[in-house]
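Try each task before you read its solution.

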Amino acid sequence: METFDVYHRDRTKAGKVVGRETPAADGEYYLIVHVWIRDNSGEYLLTRRAQHKTFGGLWECPGGGAVAGETSLDTALREIREETGVALDPARGRIIHQCVYDAIHALCDVWHFEQDTDIREAAPQEEDVTGVRKASPAEIQALRERGEFVPVYGYLDWFLGKYQNRYNDGGADLKNRAP
């Protein structure tokens, strides 16, 4: 059985480990990660959620929940490997945003990796992922507008706009943070 560390809203561990089916109490949170992987052409690796999951059939950036004892980086690396078969270089990633999803009791670290990936070699985790593709920021926006992208990324406007603009500025503005 998978177990998860419980956190307080301030991101400190509560000293409690629970099973996957244990609902979080008021003031308790779990750590999740969203992982954006940008290749040299400026496209991002996306996965399509399995039909049996919430938002089944929709595209998203890969990610998932931290199991007990994992760091945020450990979780990002494991989830990408499990969901896509891609091995990320930890030195090529960084947290670009942190947010709280109170409705699902989740503390979310948003990771950005700059690494080429070959989706022809991807091996999706079939129970969670039914497809893998690459998409430019404009294509991600189009997926979103057509209702084909998971609708819960509160930081997505910032990510597709201001954060992406740093590439147009020659990478000079690497400190843009989401609101």
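Rings of Phe, Tyr and Trp (its six-membered ring) pair if their centres lie within 6.5 Å; planes under 30 degrees apart count as stacked, over 60 as edge-to-face and the rest as tilted. Two ground rules before starting. This is a predicted model, so local features need pLDDT of at least 70 and side-chain atom pairs count only at pLDDT 80 or more, while totals for chains, interfaces and linings use all residues. Residues are numbered from 1 along each chain as its sequence is written, and side-chain values use heavy atoms, with hydrogens and water left out.

**Exercise 1.** Find which residues form one aromatic cluster, and classify the pair Trp36 and Phe149.

Solution. 
- Step 1: the pairing rule gives eleven aromatic pairs.
- Step 2: take Trp36 and Phe149; the ring centres are 6.3 Å apart and the planes sit at 15°, so this pair is stacked.
- Step 3: Trp36 is in strand S3 and Phe149 in the loop between H2 and H3, so the pair links parts 113 residues apart in sequence. (Helices, H or I with at least four residues, and strands, E with at least two, are DSSP runs numbered from the N terminus.)
- Step 4: check burial (buried means under 20% relative accessible area, exposed over 50%, partly exposed in between, with a 1.4 Å probe and protein chains only). Trp36 is buried at 0%, and Phe149 is buried at 2%.
- Step 5: do it again for Phe159 and Tyr163, whose centres are 5.6 Å apart with planes at 15°, so they're stacked too. Both lie in helix H3, four residues apart, about one turn of the helix.
- Step 6: the cluster is Trp36, Tyr44, Phe149, Tyr153, Tyr155, Trp158, Phe159 and Tyr163.

**Exercise 2.** Which element has the lowest mean pLDDT?

Solution. 
- Step 1: pLDDT is the predictor's confidence in each residue, from 0 to 100. The chain averages 90.
- Step 2: helix H3 (residues 156–168) has the lowest mean among the elements, 83.
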